[in-house]
2 protein chains.
Amino acid sequence: MDFNAKTSLGAGSGRDEGTRSKPRSSRPTMAMVAERVGVSTQTVSFALSSPGRLSPTTLRKVLKAVDELGYRPNQAARSLRSRSPQALGFRLYPADRDVGGVMASYLYELSAAARKEGYGVFSYAAETYEEETQIIEETFRRNTVDCFVITCPSSDDLPLPLFLLERQIPFVVFGRPWGLPMSDCWWVDVDGAAGLEQAVNHMVELGHRRIAYLGWEKSAGLAEDRESGWQRAMGSHGLPTRGMIVRGPDDVETARRAAGELLDRKTPPTGIVCPSDTVAIGALRACQERGLEPGRDVGITGYDDSLGARVVTPGLTSIAQPLETAAKHTVRLLLDLLNSPDSKPEQVLLRPSLVVRESTMPR
Amino acid sequence: MDFNAKTSLGAGSGRDEGTRSKPRSSRPTMAMVAERVGVSTQTVSFALSSPGRLSPTTLRKVLKAVDELGYRPNQAARSLRSRSPQALGFRLYPADRDVGGVMASYLYELSAAARKEGYGVFSYAAETYEEETQIIEETFRRNTVDCFVITCPSSDDLPLPLFLLERQIPFVVFGRPWGLPMSDCWWVDVDGAAGLEQAVNHMVELGHRRIAYLGWEKSAGLAEDRESGWQRAMGSHGLPTRGMIVRGPDDVETARRAAGELLDRKTPPTGIVCPSDTVAIGALRACQERGLEPGRDVGITGYDDSLGARVVTPGLTSIAQPLETAAKHTVRLLLDLLNSPDSKPEQVLLRPSLVVRESTMPR
DNA sequence: TTAAACATGTTTATCGTTAAACAGACACGA
DNA sequence: TCGTGTCTGTTTAACGATAAACATGTTTAA
């Protein structure tokens, strides 16, 4: 057994078709339906693809036969003739790059939305940028997919949209391609700044005044976007932001220490808003270590409304992305893009919503 | 169509619509390669699919031309002629049905393994059994996929393999189809019982004697399988099991309460092994509530080595499934199955491994 | 009244590849 | 010497659908 077999181009790995066993239960074809009804195959094709083209009577007869035979059009034949595989490509990330499971949930919604429009989802695993571009190019040129949905979770992923633009491979970004001229891309994103504003407003309503931001290192636009939401909301309430920011990477452990620093100050914050559930859970830990009860003594909010936010104790108030809506818009944009590749790119920015749990219970 | 778009941004300022639509950069075909080399298309086909069929000289010339033109075979045409879409189907679950992210990780590995064999992965979202069977049948009859990889996480999913067997749709199960004659199915599974034995042995080595099992309600075979591992290991060490089992559903909250009951006994267990990280995290909570330090005062182990086990404090000792290996075997079985559908089904049972963290640090 | 437009269905020509059969050159054993 | 493989490449015929053009009868517009 050789698992490292690198398959090059089309290498069907020279398997020889040994057993002549089954008649491979042949599926009905369009011709069979046509014959049964006494019409041409083109008429059957119309019945399925442009029903308006036929008279109600014929349409009914054809559909009846389709139903009786259980006919389904062969996708390969259709793709070949129409030059569209009716599928989109989406990258899978290893678990540690999809902490809250947001990508997995998005993929779920994307698959559902795509299916409603007759599109399939081809998912591929890639470790590195090089591997991804290779897979994308390969897949696209093989006519396995029409287009791609990409994400730009980290600043490392920024070259990808450029690559796709250059190769003229159609794509929609879930998230904004920060750093590129954004109006050149088709994208759907959730307004992170607005999300953090909601978190701050919520805190203020609960009576908090000293609200710190336990954020990410400034990197691509994502970190800045979320931070700016906190900044703006604080400003709009006339609250001070100086010295109220601590930044670090996105992991529980460093977040815990960083939150600890905040809480050990002479006048510690009473609220901590964070750009991710991971960071927020670190903050929760720091509170608990100090005997502070999250929610009563210190308010904490996260981002993504991941499973972690739900199962942690106390439950973590978090900002939920409208993934289903985002996926539907993504597919809509994709269809527009494929229909008229040269038209002006569309963009959609969605508002997330706050999910309140114990970590910000009224004081 | 309005998906509740909060904001729909237009693009930047009016750049002129000058660019004339491209001729849809037509991909090179086999005929072009053939012409360039001065051979027939069949020869090019051989070069890619059965290189041994050609003389080294011709092969070299063809591959050179393929390289120069950047030719890639059109998958739709290939699928049509060879009657194999070279793709497998895999179901996506909503986030709350894939708590540890195990399925997501498995899908990642599966995609990678499939790709090495020239297969793609078509992923679909389904809410219910009915929806799934419908999608499966549709997809299969459309010749979009050759076969499916299914899982049977809960006992609700048991009818699915039966459905597939009846329709003669090729499939491999990840996990065992408990309740069916297992030798009728092709499956790859991880030996949960062996995993729990390892957990118990580890505890015993640390000096624990009263090791409780905080398990799942007896349902399908999964729960019984894991429980039997604990049972067997306890027996082999001559340790008592009576009264040392508490069972409940797979969520943190009930697990916390159940673990609390155990810990509040007159002679509480010093070790608690669990069939999932979710349950184990509940046990961790119960300890912490009682001022017991997990690892020092009470040993706790989970299952799945999910992200949660890593980020929780203290780190949770857990049982890791060899997902990459499992995926590779799955693909291997799939190829065997597709090559000779009538041969005797193969099965693979893999051994998981224990990942030790703070929750079972030496006393 | 007449031509143009519409409605409805058919015919023909591919889409790009591989399966199957065929064909010439060469090797080899009887 | 001849028949019989083997090696290498070609030719022909699909695979199952849709695009494009065509062919009718029927409306509609001028």
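pLDDT is the predictor's confidence in each residue, from 0 to 100. Chain A averages a pLDDT of 90, and 93% of its residues score at least 70. Over residues 1-24 of chain A, by contrast, the pLDDT is below 50. This is a predicted model, in which local features need pLDDT of at least 70 and side-chain atom pairs count only at pLDDT 80 or more, while totals for chains, interfaces and linings use all residues. Residues are numbered from 1 along each chain as its sequence is written, and chains are lettered from A and ligands numbered from 1 in the order in which they are written.

**Chain A overall**

- The secondary structure of chain A comprises 13 helices and twelve strands; helices (H or I, at least four residues) and strands (E, at least two) are DSSP runs, numbered from the N terminus.
- Chain A has a radius of gyration of 26 Å, whereas a compact globule of 363 residues would have one near 21 Å; the radius is taken over C-alpha atoms, and the globule rule is 2.2 Å times the number of residues to the power 0.38.
- Along the principal axes, the C-alpha atoms of chain A fill a box of roughly 85 × 55 × 40 Å.
- Of the 363 residues of chain A, 47% count as buried; a residue is buried if 20 or more other C-beta atoms lie within 10 Å of its own, exposed if 12 or fewer, and partly exposed in between, with C-beta atoms placed from the backbone.
- Among contacts in chain A with a separation of 6 or more, 70% are between residues 24 or more positions apart; two residues are in contact if their C-beta atoms, placed from the backbone, lie within 7 Å.

**Surfaces near the DNA strands**

- DNA strand C is surrounded by 24 residues, the closest being Gln42(A), Thr58(A), Met30(B), Ser45(B) and Ala77(B); a residue is near a strand if its C-beta atom, placed from the backbone, lies within 6 Å of it.
- Two or more residues each come from helix H2 (41-49) and helix H4 (75-82) of chain A, and from helix H1 (30-37), helix H2 (41-49) and helix H4 (75-82) of chain B.
- H4(B) gives the most to the surface near DNA strand C, with five residues.
- By class, the surface near DNA strand C has eight nonpolar, 13 polar and three charged residues; Ala, Val, Leu, Ile, Met, Phe, Trp, Tyr, Cys and Pro count as nonpolar, Asp, Glu, Lys and Arg as charged, and the others, Gly among them, as polar.
- DNA strand D is surrounded by 25 residues, the closest being Thr29(A), Met30(A), Ser45(A), Ala77(A) and Thr58(B).
- For the surface near DNA strand D, the elements that give two or more residues are helix H1 (30-37), H2 and H4 of chain A, together with H2 and H4 of chain B.
- The surface near DNA strand D divides into nine nonpolar, twelve polar and four charged residues.

**Helix H7 of chain B**

- Leu160(B), Pro161(B) and Leu164(B) are buried in helix H7 (residues 159-167) of chain B.
- The buried residues of H7(B) line one face of the helix, because they fall within an arc of 95° when seen down its axis; the arc is that of the directions from the helix axis to the C-beta atoms.
- Pro159(B) and Glu166(B), on the other side of H7(B), are exposed.
- Helix H6 (129-141), strand S3 (147-151) and strand S4 (171-174) of chain B pack against the buried residues of H7(B).

**Backbone features and single residues**

- Most residues other than glycine have a negative phi, and most peptide bonds are trans.
- Gln168(B), in the loop between H7 and S4 of chain B, has a positive phi near 60° and counts as exposed, with 11 C-beta neighbours inside 10 Å.
- Asp304(A) is not a glycine, yet has a positive phi of about 115°; Asp304(A) is buried, with 25 other C-beta atoms within 10 Å.
- Thr313(A) and Pro314(A) are joined by a cis peptide bond with omega of about 0°, and Thr313(B) and Pro314(B) by a cis peptide bond with omega of about -5°.
- Tyr303(B), in the loop between strand S9 (299-301) and helix H12 (307-311) of chain B, is buried, with 28 other C-beta atoms within 10 Å.
- Beyond its neighbours within four places in sequence, Tyr303(B) has contacts that include Gly195(B), Cys274(B) and Ile319(B).
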